[in-house]
Amino acid sequence: MITPNSSAPDGANSVLEIWGRHSLSGQVQISGAKNSALVVMAGALLCSQDCRIRNIPSLVDVARMGEVLLALGVKVEHSNDTLTIDSTHLSHSRAPYELVSQLRASFFVIGPLLARLGVARVPLPGGCAIGARPVDLHVRGLRAMGAEVHIDHGTVHACVRGSRGRLQGARIYLDYPSVGATETLMMAATLADGETIIENAAQEPEVVDLANFCRAMGARIRGAGTNTITISGVPSLHSTDYSIIPDRIEAGTFLIAAAITGSEITLSPVIPDHLTAVIAKLREAGAEIIPEVHNRLRIKAGPQILATDTQTRPFPGFPTDMQAQFMALMTLSNGNSMITETVFENRLRHVGELVRMGADIRMKGNCAIVRGVPCLAGAPVTATDLRASAALVIAGLAAEGKTQIQGLQHLDRGYDNLEHKLQQLGAKLQRIQAETTDEVAQPAEATVTTAAGE
Ligand code: EPU
């Protein structure tokens, strides 16, 4: 069984207290990428032998994905940062609603299930804190590959008739370069009959990591990391030992934590090419960022934070998963900046919480206009989603006085030991039981999220 390695109270019942305005120094270790780990775990279902996956971060989401695999009849063993997944006896084609509803990424098992078993029944993951998040592109692509797909009582039923239950290669154009749809279709195509071409594919590093993992199992995939991916189906895949990439979003979060606290820190391991847009924006904002040997990156904050406009885009554009953290930085900039979210329709809910801490931010549709203020003030605040929680931690590190963050179940889904790592860099923070605090906040929009996690 997989358990995140924190001994702290669980996220829903705890509060993170941060005493701000302490600078950070030293080196921080970046964990494996959450969004690679989750999809590579699904990808391991494609192999009818066991696979070893290393550099797995210790996260609630990874534990939940492990439960989904167990429910499908797969063996999952966890030791330190390594998972061994044995899908020899993959037998169940139905993913349980209770688990899929807690973790959107578990919908990704649909591609491997269909490829291995010729049938898959996966509940619709539903919307979540950041948007409606339909799966129409996944479904359309699977249909193009010959699957019969219908949605009944909230569940996607997919099956392959004829061709001995094997999907057929197809040419698929994605209306939007969706990360999840690209991953689903790439996995499904690895065992299909013939060649599949995915056009307008997502180019995110996690897509490339999944392609590399599949290749390590014997899949034939070309073009991952460009907008056209070609997959030549093979009859079966073999066991492998694979290490996933470092988490570029965790690294970006630490870069911004350093920039906002006027600090100098180093991060490793980091693949700077995965952070091109984030590094460019941080340089525009006045920070000095120096790539060093051995996948290490050094950041020296500038004397002041310079106001910079940002728009989120699919990779290689500025990542939506860094938008909230960058907004926290801009709240203390020397001028006005405009932050535009284009990937998800509801990913600005942290604005109200940052305003609670003294930020000056106005919303106009999917844009936030941030007027830099001289200082933020610690306050009780509530995290509304994973990256919003990171933005509040960043704001708390820079604020005067004490910030109390609740809604930490979001943080625990996606950051491996964030508090411990920040403490090691010199930040002053601690997690305590919720009932021992004297104040708790409701999110600024008074809407508490209970839907599927990001
Ligand atoms: N979309 C559709 N139809 C589809 C699929 C997507 O309209 O069939 C839309 C979505 O509604 C959204 C846009 O396309 O507006 C982008 O969605 P995408 O499919 O690219 O995102 P995802 O695969 O659902 C992954 C990450 C997210 C990350 C996005 C974008 C995982 C498990 N999740 O989601 O990570 O924000 O790509 O880079 O890989 C996070 O880690 O905090 C997080 C939310």
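Trainee: Let's start with strand 5 (residues 82-86): how many of its residues are buried?
Mentor: Happy to start there, keeping in mind that this is a predicted model. Thr-82, Thr-84 and Asp-86 point one way from strand 5, Leu-83 and Ile-85 point the other way, and all are buried. Strand 5 is thus mostly covered, and the count of buried residues is five of five.

Trainee: Which residue of strand 5 stands opposite Ile-53?
Mentor: Look at strand 3 (residues 50-54), which pairs with strand 5 in the antiparallel sense over four bridges. Within strand 5, the residue opposite Ile-53 is Leu-83.

Trainee: Which residue takes a positive phi in the hairpin of strand 4 and strand 5?
Mentor: The hairpin has two residues between the strands, and the one with a positive phi, near 50°, is Asn-80.

Trainee: Is helix 1 (residues 34-43) largely enclosed or left open by the rest of the structure?
Mentor: Go through the helix residue by residue: Lys-34, Ser-36, Ala-37, Leu-38, Val-39, Val-40, Met-41, Ala-42 and Gly-43 are buried. That makes nine of the 10 residues, so helix 1 is largely enclosed.

Trainee: At what angle do helix 1 and helix 7 (residues 205-216) pack?
Mentor: The contact uses Asn-35, Ser-36, Val-39, Val-40 and Gly-43 of helix 1, which meet Glu-206, Asp-209, Leu-210 and Phe-213 of helix 7. Helix 1 passes helix 7 in a right-handed crossing. Their axes are 9 Å apart, and the angle is about 35°.

Trainee: Which residue does UniProt list for "active site"?
Mentor: Find the loop between strand 6 (119-123) and helix 5 (136-144), where the residue in question lies. The UniProt entry is unreviewed, and the residue it lists under that heading is Cys-128.

Trainee: Is Cys-128 buried or exposed?
Mentor: Its relative accessible area is 10%. Buried means under 20%. By that cut-off, Cys-128 is buried.

Trainee: Which residue in strand 8 stands opposite Arg-121?
Mentor: Strand 6 and strand 8 (residues 155-159) run antiparallel and are joined by five bridges. In strand 8, the residue opposite Arg-121 is His-157.

Trainee: Which residue in strand 12 stands opposite Thr-196?
Mentor: Five bridges join strand 10 (residues 195-199) to strand 12 (residues 228-232), and the two run antiparallel. In strand 12, the residue opposite Thr-196 is Ile-231.

Trainee: How are helix 8 and helix 12 arranged relative to each other?
Mentor: The axes of helix 8 (residues 248-260) and helix 12 (residues 386-398) come within 9 Å and cross at roughly 20°. Residues making the contact include Ile-249 and Ile-256 of helix 8, and Ala-390 and Ile-394 of helix 12. Angles under 35 degrees count as roughly parallel. Helix 8 and helix 12 are therefore roughly parallel.

Trainee: Last one: what distance separates the C-alpha atoms of Val-355 and Glu-204?
Mentor: Val-355 lies in helix 11 (residues 350-356), and at 36% relative accessibility it counts as partly exposed. Along the chain, Val-355 and Glu-204 are 151 residues apart, and their C-alpha atoms are separated by 32 Å.

Definitions and conventions:
Residues are numbered from 1 along each chain as its sequence is written. This is a predicted model: local features need pLDDT of at least 70, side-chain atom pairs count only at pLDDT 80 or more; totals for chains, interfaces and linings use all residues. Side-chain values use heavy atoms; hydrogens and water are left out. UniProt positions are given in the numbering used here, feature names are shortened, and annotations may be inferred rather than shown by experiment. Buried means under 20% relative accessible area, exposed over 50%, partly exposed in between (1.4 Å probe, protein chains only). Two strands pair if DSSP finds at least two bridges between them. Axes are lines fitted to C-alpha atoms, for helices over the stretch in contact, and angles run from 0 to 180 degrees between N-to-C directions. Angles under 35 degrees count as roughly parallel, over 145 as roughly antiparallel, 65 to 115 as roughly perpendicular and the rest as oblique. Contact means heavy atoms within 4.5 Å. A crossing is left-handed if the near helix is turned anticlockwise from the far one by less than a right angle, and right-handed if clockwise.
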